[in-house]
Amino acid sequence: MTQKNPYVFFEEFCIRIPLLSLDFYYNLTKGKEISFEEYKKIWNDAVIKEAVFLASPELFLEIEKWFSGKMKDSKKTQRLQSSLLKYLSRMSSRCTPFGIFAGCGVGKFDKSTHIEFDRFIKNQRQTRFDMNFLVAFSQKLSKEEYIQNQLSWYPNNSLYKIGQQYRYVEYTYNKYNNRQHSIEAVTHTPYLETILQSAKSGKKVEELSSLLVNDEISLEEAKEYVIQLIDNQILVSELEPSVTGKDFLIQICETLTKLDGTEVIINQINYFQRFLDQIDQAVGNPIDAYTKSSQEIKKLDVVFEPKYLFQTDMYPKVQQNVLDIRFAYKTKRVMSLLNKISFPQKNSNLQQFKNAFIKRYETREIPLAKALDTEIGIGYLQNQVDADYKPFLEGLNIPAQKEDTHRVSWNPVHEILHKKLIQTKEDNSYTLQLYDQDFEQLQEDWNDLPDTISSLVEIIKIDGKDKIVLQNMGGSSAANLLGRFSTGNAKIMRQVLDIANLEQEMYPDKLLTEIIHLPESRTGNVIRRATIRNYEIPYLGKSNLPEEQQISIDDLMISVKRNKIILRSKTHNKEIIPRLTNAHNYRGQNSLPIYHFLCDLQYQNLRGSIGFNWGELINKNAFLPRVEYKEFIFSKARWKITVKSINALFESLEEGKDIIEELKTLRSSLQIPKYVQLIDSDNTLLINLENKSSIEMLLNVIKNRVQFILEEFLFTEESIIKSDEKNYSNQFVFSFYNEKKIRSFKKEKRYTNKNTYLEK
């Protein structure tokens, strides 16, 4: 019997649009070449100037030299032209939020579509300082003796006890200003134990020092010992970086307000905050305002990189933002097919960990820190191999050969796609059509999907008909793509909280707990978010929740029962379900084992996503056709081209030949349309292959590569999103929740309440 799709969509969606319209780009590249005068006219736009400055102050200054006539090197001006065109392409076609190049907002489903935005000069925004700068600033403050003595100090939240040692993670910064982590150990002593126990509630240096004073230890000696604990990061201050709650600059200011002698610093911070508030009143601010602020920041004597100093998110101002509800219903219906064609991944990190755990501990419950300790426990990422193997440092800054556990293996769906692809080639067809009967032998399974999921979709028109571009749906939470923007937009914040609260309802007897970790200082720019859940697990990152709502690492116990990892809080005696409500790619090479484990645990016994995937076919074919199913496009047509095969274009460019005409021959043979995107992982760059300036930009980007990938660009007809009668590209985040789980919880609650009443 076929299972019924239990998912229901939330009534609100998130929309993402670029700063500039598609019409802007099409008009800019409609001729054979973009002239110097056209570029200069565009550069007079204050909004474009500010957008480029925030993205790259160095490029901004070079472009200023170019247009002021101070740059005579023709090759350099050609590179600048391509760089500027790349940015103009990005801010008129790509919807992924970045600075003021693109932004996001919230809309509602309704009976028909009407989406219109105000002119971009009315867009709202939120600007803050680079997290790397703020972390460096807070560290400098905490080392000032008069501040250090007044701060409250706490045990490093990565600290755990093993035998007669305490172990913890310490971080330093390399010459590239990146964090480097190392596991350190300190011998357990009664003195250390006394300090750590007292510091749990936060204590000042003098308070901690006085605990050690006796006939043999003077106050000066005791203080020297406490300072040594601080220097070695065994104790950390209330100025430790935080990635949730208020902006970290505000948190720093609030901490300093409680201290004596900090008035000058507070006044400086207030000046910076007023500056941020002022520039957030408009889009298109004069660059001099930023320059003046940067000069003031230099007086703090804190190292910073100008190109990263200002971080901005944009929120387009809406006139109307309603989308026809049929798009949501159609997306829900297509989930059935996506479910069928998505297979569980095998040999995951978690499964290997479970196997190792059962072999070592069977059904026993042990501390999580002990289990993940690579010297006396089993560690994590059991498949790691390193030539210079040091068990004590496994997973910490050691380049490792690691099996790709997320690679998609060959399965029955790929066999079907392979056969259809052969037929498509024989027919010389541009499009591969999928039908329900192609997969009728496959089964749906709705029991191994996340409680809430989201999908990124584009709504386009082809030959006047609506099409929905959708590749996959998933995520550990539907709030992941929205978390970063929860501090800058009240509507997005409400949507995130609605999702988080609904998820908690599904587990009334368990604690959904947010993972608080700062892997790299600059990463804080994209992982910062509001306080989303009632409980948090702080790990090398500060939680702003009350102490009783923080789940420490040494409070976590782990066991494996019926092939399921159970994480339990000793204090609350409840199962913990960790959540990371942002889009951070936590599987990076330098990801700490405990952080990696907690994040992986979100997907335990679950498929992280469902969707279309070419699998190995993507590597074996130079051309892959557009994949359509009913009114859906699962995959755009794409071409893998070697740079060697287009050497003639580079030569023609050098010789001043008409490269547009020469390129038409290649395009005709490969069926490449006029508008394509250059694909670089998750990044895309719109190219007009009938415009010389655009072609030169493409050649400039790929000239040192072996091969590159082009993908068709589909926003070539009238758009459903308009502003000032201009057409915009779009991206929507549709969110869904498992209604069956909510019903089960409510039914169980009614049953429990009824029985409780009868017992009374």
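Angles between axes under 35 degrees count as roughly parallel, those over 145 as roughly antiparallel, 65 to 115 as roughly perpendicular, and the rest as oblique. The views below come from a predicted model, in which local features need pLDDT of at least 70 and side-chain atom pairs count only at pLDDT 80 or more, while totals for chains, interfaces and linings use all residues. Residues are numbered from 1 along each chain as its sequence is written, and side-chain values use heavy atoms, with hydrogens and water left out.

**View 1. Helices H3 and H4 pack against each other.** Helices (H or I, at least four residues) and strands (E, at least two) are DSSP runs, numbered from the N terminus. Two packed helices are described by the angle between their axes and the distance between the axes. Here H3 (residues 46-55) and H4 (residues 57-67) meet at an angle of about 130°, with axes 5 Å apart. The axes are lines fitted to C-alpha atoms, for helices over the stretch in contact, and the angles run from 0 to 180 degrees between N-to-C directions. H3 and H4 are therefore oblique to each other. On the H3 side, the contact (heavy atoms within 4.5 Å) is made by Lys 49, Val 52, Phe 53 and Ala 55. H4 brings Pro 57, Leu 59, Phe 60, Ile 63 and Glu 64. Sorted by class, the contact of H3 with H4 has seven nonpolar, no polar and two charged residues. For this sorting, Ala, Val, Leu, Ile, Met, Phe, Trp, Tyr, Cys and Pro count as nonpolar, Asp, Glu, Lys and Arg as charged, and the others, Gly among them, as polar.

**View 2. Ser 138 sits in helix H6.** Helix H6 covers residues 131-143. Ser 138 counts as buried at 2% relative accessibility; buried means under 20% relative accessible area, exposed over 50%, and partly exposed in between (1.4 Å probe, protein chains only). A polar atom of the Ser 138 side chain lies 2.8 Å from the backbone oxygen of Val 135. Leaving aside neighbours within four places in sequence, Ser 138 is in contact with Leu 239, Phe 248 and Ile 252.

**View 3. Gly 103 belongs to strand S3.** The strand takes in residues 102-110, and Gly 103 is buried, with a relative accessible area of 0%. Not counting residues up to four places away in sequence, Gly 103 touches Ile 15, Arg 16, Ile 17, Cys 95, Pro 97, Met 314 and Pro 316.

**View 4. The sulfurs of Cys 14 and Cys 104 are 4.6 Å apart.** The structure holds zero disulfides, a disulfide being a pair of cysteine sulfur atoms within 2.5 Å. Cys 14 counts as buried at 2% relative accessibility, and Cys 253 also counts as buried, at 13%.

**View 5. Lys 340 lies in helix H14.** This helix spans residues 326-340. The C-alpha atoms of Lys 340 and Glu 440 are 8.8 Å apart, although 100 residues separate them along the chain. Beyond residues up to four places away in sequence, Lys 340 touches Val 413, Phe 439, Glu 440, Leu 442, Gln 443 and Glu 444.

**View 6. Val 701 is found in helix H24.** H24 runs over residues 692-702. Val 701 is partly exposed, with a relative accessible area of 21%. Setting aside neighbours within four places in sequence, Val 701 is in contact with Lys 86, Leu 678 and Leu 685. The C-alpha atoms of Val 701 and Leu 678, 23 residues apart along the chain, are separated by 9.4 Å.

**View 7. Asn 428 and Asn 489 are two loop residues.** Asn 428 lies between helix H17 (412-426) and strand S14 (431-433). Asn 428 has a positive phi of about 55° although it is not a glycine, and is exposed, with a relative accessible area of 58%. Asn 489, between strand S16 (465-474) and helix H18 (490-505), counts as buried at 14% relative accessibility. The side chain of Asn 489 reaches the backbone nitrogen of Lys 491 at 3.0 Å.

How values were computed:
Polar contact = N/O pair within 3.5 Å; in protein donor to acceptor, adjacent residues only side chain to side chain.
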